[in-house]
Amino acid sequence: MVPSGVKIGKKQLNILAYTDDIALIGKNKIEIRKLFVEMENIARKFGLWINQGKTKYMIVERKNNLKKNKIGHLKIKNCKFERVKNFKYLGVILNEDNNNQIHLQERIKKC
């Protein structure tokens, strides 16, 4: 695996996976590109393909840095991925400024 992602305790974590929900974690576009290419190569060995229409990416940064980062679509090989400000992963709404308010509001609405 490409040495990237985040360190949790003594472990380096760069992929979260549960069945067909996969999240790649990288500190920058270069790390994400490397992880994606590696994941795609492994997936193809098993006859699997990345669904470009369902695949999105998000940059998580401190609030004051987000306005500076104007990256739109991310192109990797022949794929083009849309940037999103938030997404749901395993029932939890994650957002680019790492604020859990959106998730909490959704949970309150369901009560």
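Me: Why does Thr19 count as exposed?

Reply: The model is predicted, with local features needing pLDDT of at least 70 and side-chain atom pairs counting only at pLDDT 80 or more, while totals for chains, interfaces and linings use all residues. Residues are numbered from 1 along each chain as its sequence is written, and side-chain values use heavy atoms, with hydrogens and water left out. Buried means under 20% relative accessible area, exposed over 50%, and partly exposed in between, with a 1.4 Å probe and protein chains only. Thr19 has 69% relative accessibility, so this residue counts as exposed.

Me: Where is Thr19 found, and what is its phi?

Reply: Thr19 is in the loop between S3 and S4. Its phi is positive, about 50 degrees, although Thr19 is not a glycine. Most residues other than glycine have a negative phi.

Me: What makes Gln52 buried, exposed or partly exposed?

Reply: Its relative accessibility is 33%, and therefore Gln52 counts as partly exposed. Gln52 is placed in the loop between H1 and S5.

Me: With which residues is Gln52 in contact, leaving aside neighbours within four places in sequence?

Reply: Contact means heavy atoms within 4.5 Å. With those neighbours left aside, Gln52 is in contact with Asn78, Cys79, Lys80 and Phe81. Gln52 and Glu82 are 30 residues apart in sequence, and their C-alpha atoms are 9.3 Å apart in space.

Me: Which residues make up the largest nonpolar core?

Reply: A nonpolar core is a set of buried Ala, Val, Leu, Ile, Met, Phe, Trp, Tyr and Cys residues joined through side-chain atoms within 4.5 Å. The largest one has nine residues: Ile32, Phe36, Met39, Tyr57, Ile59, Leu74, Ile76, Cys79 and Phe81. H1, S6 and strand S7 (79-83) each supply at least two residues of this core, and H1 gives the most, with three. Leaving aside neighbours within four places in sequence, Phe81 is in contact with Phe36, Gln52, Thr55, Tyr57, His73, Leu74 and Ile76.

Me: How many helices and strands does the protein chain have?

Reply: Helices (H or I, at least four residues) and strands (E, at least two) are DSSP runs, numbered from the N terminus. The protein chain has three helices and nine strands, in the pattern β-β-β-β-α-β-α-β-β-β-β-α along the sequence.

Me: What is the volume of the largest pocket, and which residues lie nearest its centre?

Reply: On a 1 Å grid over the protein atoms alone, a pocket is an open set of points where a 1.4 Å probe fits, with protein on both sides within 12 Å along at least five of seven lines; lining residues have an atom within 4 Å of a point. A volume is the space filled by probe spheres set on the points, which are joined across faces, edges and corners. The largest pocket has a volume of about 1,700 Å³. Its lining has 46 residues, of which Ile22, Ala23, Leu24, Lys56 and Phe87 lie nearest the centre. H1 gives the largest share of this lining, eight residues.
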